[in-house]
Amino acid sequence: MGISHVPFLFILLCYCFRIHHTVYFTRVSGQIVEDQQQSLLKLKNSLRFEQEKSHKLVFWNSSIDCCKWIGVTCDQEGHVIGLDLSGESINGGFDNSSTLFKLQSLRILTLSVNNFSSEIPSGFSKLKNLTYLNLSHAGFVGQVPIEISSLARLVTLDISSLSFLYNQPLKLESLDLQMLVKNFTMIRQLYMDGVSVSAEGNGWSNALLQLPSLQELSMSNCNISGPLHPSLTALQNLSIIRLDQNNLSSPVPGTFADFPKLTSLHLSACKLTGIFPEKIFQLATLSDIDISFNYDLNGSLPELPLNGSLQELIVSHTRFSGALPASIGYLKQLSILDISNCHFNGTLPSSMSGLKELTSLRLRFNNFTGLIPFLNMSRNLMHLEFSHNYFTGSITHAHVEGLRKLVHIDLQDNLLDGNIPASLFALPLVQSIYLSNNRFRGQIDEFSNISFSMLQILDLRSNNLEGPIPQSIFNLTSLNVLELSFNKLNGRIMVDVLLRLSNLTTLALSHNNLSVETNLIDVGLLSSFRDMSRLELASCYLTEFPSFLKNHSRITTLDLSSNHIQGPIPAWIWQLNSLVQLNLSHNFLSSLEGSVQNTGSNLSVLDLHANQLQGKLQIFPVHATYLDYSSNNFSFTVPSDVGTNVSSIIFLSLFKNNLSGSLPQFLCNSSQLKVLDVSYNHFNAMIPECLTQSDAIEVLNLQHNKNEIPGPSTTPNARSHGTGGNIIRAELGFVFGLGLFIVPLLFWKKWRVRYWKHVDSILCGIFPQLNLEYETRGGQSYQVLRWRP
């Protein structure tokens with residue numbers, strides 16, 4: 001009978017045991033939660049952060065359960081398993097003593113986008129349960145601690161950094177890549193962009209072969225070197241490979257086309273060589289590829305797969321060539337196509353018209369010909385860049401109809417003609433339009449929707465546009481840059497009209513048949529255009545200086561050439577501290593007020609040629625590289641002690657003045673001098689030997705003086721020089737800003753052509769902004785040097 005009571009007693013004992021342990025563990029669990037909350041509050045108090053920018057820490061307080069705090073995640077038992085402090089403007093206060101490392105249950109930790117400005121604490125090794133650790137762009141510097149390698153449960157590790165920009169890189173030195181990842185057997189995502197790995201040869205790729213589960217690899221700008229090894233294709237789970245800005249210096253293995261899951265391949269600026277494997281473009285899984293800025297990489301675009309997955313195709317700044325395949329139209333998901341700065345040619349396939357998802361189409365700097373296709377189905381298109389090709393035909397309203405999201409239009413430097421459709425300027429979101437250096441003709445019609453316009457840049461220079469400037473342009477109140485130079489526009493620009501464009505930073509109206517109302521300079525603009533940095537009014541019938549510039553310290557480029565300005569150059573011009581380029585050539589200026597040597601230290605290009613300037617010659621602004629004083633009436637002897645600081649001068653022309661005496665010895669101090677022209681003066685002493693022996697001087701013109709060249713023992717090394725009648729020379733002066741016109745030499749035409757071609761090539765080599773172009777004026781073609789600011 002007693003045996004029958006055993007089950008009851010056993011059940012009673014078990015019940016009591018359960019109650020006891022439930023109460024015990026509840027107390028323990030509550031204590032743990034309380035400890036966690038205190039640890040988090042101590043963590044908050046130890047961190048320095050900007051409270052006005054905080055969206056998480058600022059709201060942490062003891063009156064609310066920590067599991068309800070923003071950025072904190074708990075499991076069902078109340079253990080903190082997730083902590084997100086990203087973007088909290090934290091700027092220090094984090095080391096091994098941090099109470100963060102007491103949160104033993106943490107699985108997910110994000111500290112990204114802060115500025116800790118310290119090394120990564122080794123205390124992370126205590127967080128054994130971490131599966132996700134994101135320390136990206138958090139300001140960590142110095143050596144990555146070896147303790148990170150002990151986090152064997154990591155699935156995602158992101159230690160990407162921009163600290164190298166501040167000369168304090170995050171790096172692996174005592175710890176190499178193989179040691180770091182040796183325990184990461186579960187890792188799927190590894191992001192180390194900007195971490196200095198400095199691995200050579202196959203070391204870094206061999207280290208990665210230990211990670212069979214790896215799906216995403218991002219190691220851009222890690223100082224790793226090549227070659228790219230075919231063995232990487234053993235990582236069959238890889239879907240994302242980003243190795244941009246490394247010194248791989250090798251071809252891309254053909255085996256990269258064997259990745260069965262590859263969706264993203266980024267190898268830009270890696271010094272890739274050889275021919276890029278075409279089969280990679282044909283991968284059915286591939287969604288984006290960027291191999292841009294590999295200047296020695298050859299290749300072409302193959303026939304692309306039907307219904308391919310490509311959304312971004314970027315091969316710009318490579319040696320890719322050939323035609324764009326018609327199968328480009330198969331890529332129905334294509335959003336970005338950038339093949340600019342390559343060697344593609346041929347006409348664009350009509351199938352491009354069916355690319356409905358396009359947002360960015362960049363084809364500039366190639367050799368494309370033919371007509372520009374209609375892209376009306378690409379309703380999301382924002383960036384359209386076709387410049388520097390050989391496209392022909394016209395642009396009509398039909399080309400832009402429906403493209404209401406266009407922001408940037410660049411069609412400059414082509415062979416386009418016809419009228420410019422007014423609807424182009426009325427697109428609601430367009431901010432920049434570049435149509436320069438084409439053959440557009442006719443008048444520009446007035447356009448509507450001005451009140452909604454966001455247009456900031458309008459560049460129509462170097463076309464054949466005629467008639468008055470439409471009033472609609474002067475209602476574009478957001479306009480920053482207005483470039484209309486080198487057309488056939490006519491009419492008079494009135495004060496009240498121009499003042500509407502109060503946000504202008506660049507105004508270029510040169511070389512049209514426009515006249516700018518004289519008194520607008522003194523009346524309307526005195527308190528306007530405070531942000532103006534470029535003013536180009538060459539050949540605008542000006543008779544006086546724009547005095548409003550007296551208080552405009554931001555002016556960097558001023559071109560008032562080919563006008564009717566008389567009298568002295570006012571002293572205030574030399575006090576424009578930001579002035580870099582000043583062109584006052586082809587006026588009737590008589591003298592200089594103030595000293596050129598007292599000008600702002602930024603002045604680099606000074607062109608005063610073809611005036612009536614006289615008096616004491618003041619040669620050298622402090623940092624000038626291009627100086628042209630030619631075709632004036634300077635008559636004083638050049639002082640021997642003038643201009644000792646001439647090291648920066650590249651071009652100096654004193655042609656056709658009344659200078660006498662000896663060539664100053666200080667010219668020998670200019671180690672950069674390429675072109676020196678002192679012809680048609682009265683110099684009568686021995687030529688400094690340093691000039692005739694200079695390896696730097698490309699053009700040395702001394703003709704029509706009384707100089708003597710040192711004897712036969714000092715044969716000149718300069719490649720082009722002359723004295724007496726050996727070289728016939730006219731002015732080298734140019735109109736910078738939008739053009740440099742070569743004035744024909746006298747006498748022998750064949751020699752003249754060869755000579756000027758030589759000078760042109762020298763100037764283009766000296767000044768990267770210069771480009772040789774051809775322009776038709778009065779039915780004749782002229783070679784023109786254009787300055788591209």
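This is a predicted model: local features need pLDDT of at least 70, side-chain atom pairs count only at pLDDT 80 or more; totals for chains, interfaces and linings use all residues.
Local features were considered at a pLDDT of at least 70 and side-chain atom pairs at pLDDT 80 or more, whereas totals for chains, interfaces and linings use all residues. Residues are numbered from 1 along each chain as its sequence is written, and side-chain values use heavy atoms, without hydrogens and water.

The protein chain contains 7 helices and 49 strands, taken as DSSP runs numbered from the N terminus (helices: H or I, at least four residues; strands: E, at least two). Strand pairing requires at least two DSSP bridges. Strand S17 (residues 343–347) runs parallel to S15 (residues 319–322), to which 2 bridges join it; here histidine 343 lies opposite serine 321. S17 also pairs with S19 (residues 367–370) in the parallel sense, over 3 bridges, and glycine 346 has phenylalanine 368 in S19 as its bridge partner.

Of the 789 residues of the protein chain, 54% are buried, that is, under 20% relative accessible area with a 1.4 Å probe, protein chains only. A nonpolar core is a set of buried Ala, Val, Leu, Ile, Met, Phe, Trp, Tyr and Cys residues joined through side-chain atoms within 4.5 Å. The largest such core has 199 residues, and Leu83, Phe124, Leu177, Leu208 and Leu337 touch the most other members. A second, separate core of 5 residues includes Val605 and Tyr626.

Among contacts (heavy atoms within 4.5 Å) with a separation of 6 or more in the protein chain, 55% involve residues 24 or more positions apart.

Methods
Buried means under 20% relative accessible area, exposed over 50%, partly exposed in between (1.4 Å probe, protein chains only).
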